[in-house]
Amino acid sequence: MTHGFSVGGTFLSASEKAALEATAAAVATRGKGITACDEGPATIGSRFEKVGVVANSEETRRQYRQMLFEAPGCEKYLSAAILDPETLYQRSDTSGLLFPQVLTDRGIVPGIKPHLKIYTLPGTNGDTVMQGLDSLAVRCQEYYKAGARFAKWRSPLVIDMAKGCPTDLAIRANMHDLARYALICQSEGLMPIVEPDISLSGTHTLEQAVDVNIRVQSELFKAMIDHGVYMAGSTLKPNIVNPGRDCPISYTVEEIAAANVFVFEQSFPVAMKGANYLSGGQTLEQAAARLSAINKANTKGPWNLSFSWSQALQLPLLDLCRGKGELQLEAMSKLYVEELQMASAAAQGEYEWAEGQGAHVGAAESQAVMA
């Protein structure tokens with residue numbers, strides 16, 4: 001229920017709050033998640049190149065995104081799609097409609113990636129911040145007119161215990177940027193998805209990851225409240241809390257799930273309807289096993305815990321094109337829907353993983369197996 005209470009002053013009318021909350025609720029539909037296809041032309045071009053797709057043209061990218069939006073049955077498993085600005089203004093050659101309308105007609109909420117480039121924060125041993133706040137309000141107005149109803153801003157951080165990263169300065173700077181972004185988005189009618197993205201790289205333990213993630217998320221939510229963000233009209237896109245990829249200690253998928261639930265229980269506001277995990281370099285099988293285990297372990301929290309995946313869904317699709325020279329759209333469409341079925345099951349705690357799937361195998365154990 002949308003009510004008149006707020007933390008501090010608020011600039012939003014009751015109808016504006018209701019619209020933002022309705023978008024957040026639609027994104028948090030149980031059993032559905034987000035297809036994240038907001039890669040810029042250079043990023044998607046590098047993925048094409050790795051599998052031998054010759055043309056990284058605007059038309060090839062349009063065909064590829066159309067497959068992701070119009071695959072038969074995908075709307076059963078998708079609540080939303082994150083678009084690159086290029087895609088926002090492209091049309092389907094099936095219907096002639098702009099992609100935001102195509103998605104809306106299928107019950108999938110269209111959104112946009114508004115952040116720009118990463119900038120290294122001086123004096124922090126390599127910590128970064130994301131640029132793009134100065135021009136954000138004007139761009140949000142344009143994106144809303146084009147049909148977008150939410151936005152997603154990513155603030156990447158890396159755990160490096162030896163270097164003391166992420167520094168307190170980097171955490172504060174990034175989380176306050178996310179809060180200001182959320183405030184600006186809501187002022188222009190876009191429901192903000194906030195994405196504090198802590199990389200899988202590193203040697204840190206699961207326990208160290210828990211500590212850093214709590215520091216980051218608690219700073220984020222405090223900053224959002226301090227900025228006057230309407231929490232019920234916003235969504236979280238977190239990384240799955242994992243040990244570093246090169247951590248020498250092994251952990252079961254159940255231990256990883258327990259760590260994620262513990263992090264949420266420390267500071268994730270119940271006012272927010274859900275979290276859509278990023279894949280962050282995990283395979284589809286790893287991400288699905290961990291998401292399903294997290295949902296099984298979450299016995300207290302009221303949140304909808306689902307997916308917002310890019311590479312986990314897309315890299316297997318692109319593998320179908322390897323050595324073919326062009327997109328294999330029909331085969332990709334079929335596999336894509338099968339992947340979404342797996343993701344949907346994981347979002348409901350119903351994906352049954354194989355033994356060892358989703359676990360972290362410590363570096364020392366992995367080397368012993370290889371030997």
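**A close look at β3**

Guide: Let's start with a pair of strands: β2 (residues 78-83) and β3 run parallel and are joined by four bridges. Strands here are DSSP runs of E with at least two residues, helices are runs of H or I with at least four, and both are numbered from the N terminus; two strands pair if DSSP finds at least two bridges between them. Before we go on, this is a predicted model, in which local features need pLDDT of at least 70 and side-chain atom pairs pLDDT 80 or more, while totals for chains, interfaces and linings use all residues. Residues are numbered from 1 along each chain as its sequence is written, and side-chain values use heavy atoms, without hydrogens and water.

Within the pairing, Gly 111 of β3 has Ile 82 opposite it. β3 also runs parallel to β6, to which two bridges join it, and there Gly 111 has Phe 150 as its bridge partner. As for side chains, β3 (residues 109-112) sends Val 109 and Gly 111 one way and Pro 110 and Ile 112 the other, and all are buried, meaning under 20% relative accessible area with a 1.4 Å probe on protein chains only, where exposed is over 50% and partly exposed in between.

Phe 150 leads us onward, as one of the members of a separate second core of 14 residues that also includes Val 27, Tyr 230 and Ala 232. A nonpolar core is a set of buried Ala, Val, Leu, Ile, Met, Phe, Trp, Tyr and Cys residues joined through side-chain atoms within 4.5 Å. The largest such core has 99 residues, with Tyr 64, Tyr 181, Leu 236, Trp 309 and Tyr 336 making the most contacts inside it.

A pocket is an open set of points on a 1 Å grid over the protein atoms alone, where a 1.4 Å probe fits, with protein on both sides within 12 Å along at least five of seven lines; lining residues have an atom within 4 Å of a point. Of the 45 lining residues, Asp 38, Lys 152, Arg 154, Glu 195 and Asp 197 lie nearest the pocket's centre.
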